[in-house]
Amino acid sequence: MRHAYIWGGILTIAFFSVVGDVLLARAMKQVGDVHALLRSAGLWTVVGRVASNPNIFMGVAAMTVAFFTLLFALSWGDLSLVAPAAASLTFIGNAFAAKIFLHEKVDRRRWIAAILVAGGVALLAG
Amino acid sequence: MTFRKYLVLAGVTVFGAAGDSVLSHGMKQVGNISIHDLPSLIFAVMNPYVMAGILLLLTFIVLNMTALSWADLTYVLPATSMGYVLLALSARFILHEQVSLMRWLGIVLISGGVGFIAGSPALTSPAHQDEKSPLLAAKDAARNGALEDPAHAEEAVSSGVEP
């Protein structure tokens, strides 16, 4: 039963982290290239566009849920299992979500990069 | 990719790793915080290391959002994962901690992953032209010189229609 709680927590952390990352990425694409905007329209235009984008706030809310779930999961399981497992699953989940929801071209090279980094993070943090 | 954009990616990596380690150092100085004693969190923020860690992580967030404005999520995440490697290397060479063989293998895997995406294009997702306001799209087109007749450009801008 304890295992079910721990893995449920890990999956919840990864899910909300992916949702947060995707929403933030989507919001920043809607805002536009910040470098170009700073040159053409100035800092306050960038700040106004970011502050008025609802995806930013939904992304931050999802990341907050992921953070508090991490705190709960750490009270059930070891840091050496929860942190690397959640980080690795987030990397892989982001690759799927970016392909489906952000329409990014996740080619073989990017899949290999995501898998290598996910494996590396699991080994480093484990 | 310009030099400035590579600098932003390097900034995401360095500020993220530095923020995590400085905040962690500060929280170890503060000690355990009970969930029943939340006001002690405010005192934790008074710790200079905690404050510095929060400032570094805020800079990390701003740089990360900047990078996501011109690069794919599947490019930014692996490209900035060298932060994990930086943390492990600083543990070995600054804090003189033992780094196990498995962790060295992790460093090799992450570096390999970063190498895989290093030469690929940063942006593959379609631009969100459809989500841009018609007024802004017309202004951009006018600015790019797509309209030869200034009067026509003004008309297009005022009607919000992209020529």
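## Burial and overall build of chain A

In this predicted model, 46% of the 126 residues of chain A count as buried.

Taken along the principal axes, the C-alpha atoms of chain A fill a box of roughly 55 × 35 × 25 Å. Look at the contacts in chain A with a separation of 6 or more, and 78% of them come from residues 24 or more positions apart.

## A helix pair in chain A

Take helix α5 (residues 79-101) and helix α6 (residues 108-125) of chain A: their axes come within 8 Å and cross at roughly 175°. Because angles over 145 degrees count as roughly antiparallel, that crossing makes α5(A) roughly antiparallel to α6(A).

Who makes the contact? On the α5(A) side you'll find A:Ala83, A:Pro84, A:Ala87, A:Ser88, A:Phe91, A:Ile92 and A:Ala95. From α6(A), the residues include A:Arg110, A:Trp111, A:Val117 and A:Val121, along with several alanines such as A:Ala114 and A:Ala125. Sorted by class, this contact has 13 nonpolar residues, plus one polar and one charged.

## Where chain B meets chain A

Over at the interface, 31 residues of chain B are in contact with 33 residues of chain A. On chain B's side, α3 (48-70), α4 (73-79), α5 (82-93) and α6 (101-118) each supply at least two residues. The largest share comes from α6(B), with 11 residues.

How values were computed
Residues are numbered from 1 along each chain as its sequence is written. Chains are lettered from A and ligands numbered from 1 in the order in which they are written. This is a predicted model: local features need pLDDT of at least 70, side-chain atom pairs count only at pLDDT 80 or more; totals for chains, interfaces and linings use all residues. Two residues are in contact if their C-beta atoms, placed from the backbone, lie within 7 Å. Helices (H or I, at least four residues) and strands (E, at least two) are DSSP runs, numbered from the N terminus. Axes are lines fitted to C-alpha atoms, for helices over the stretch in contact, and angles run from 0 to 180 degrees between N-to-C directions. Angles under 35 degrees count as roughly parallel, over 145 as roughly antiparallel, 65 to 115 as roughly perpendicular and the rest as oblique. Ala, Val, Leu, Ile, Met, Phe, Trp, Tyr, Cys and Pro count as nonpolar, Asp, Glu, Lys and Arg as charged, and the others, Gly among them, as polar. A residue is buried if 20 or more other C-beta atoms lie within 10 Å of its own, exposed if 12 or fewer, and partly exposed in between; C-beta atoms are placed from the backbone.
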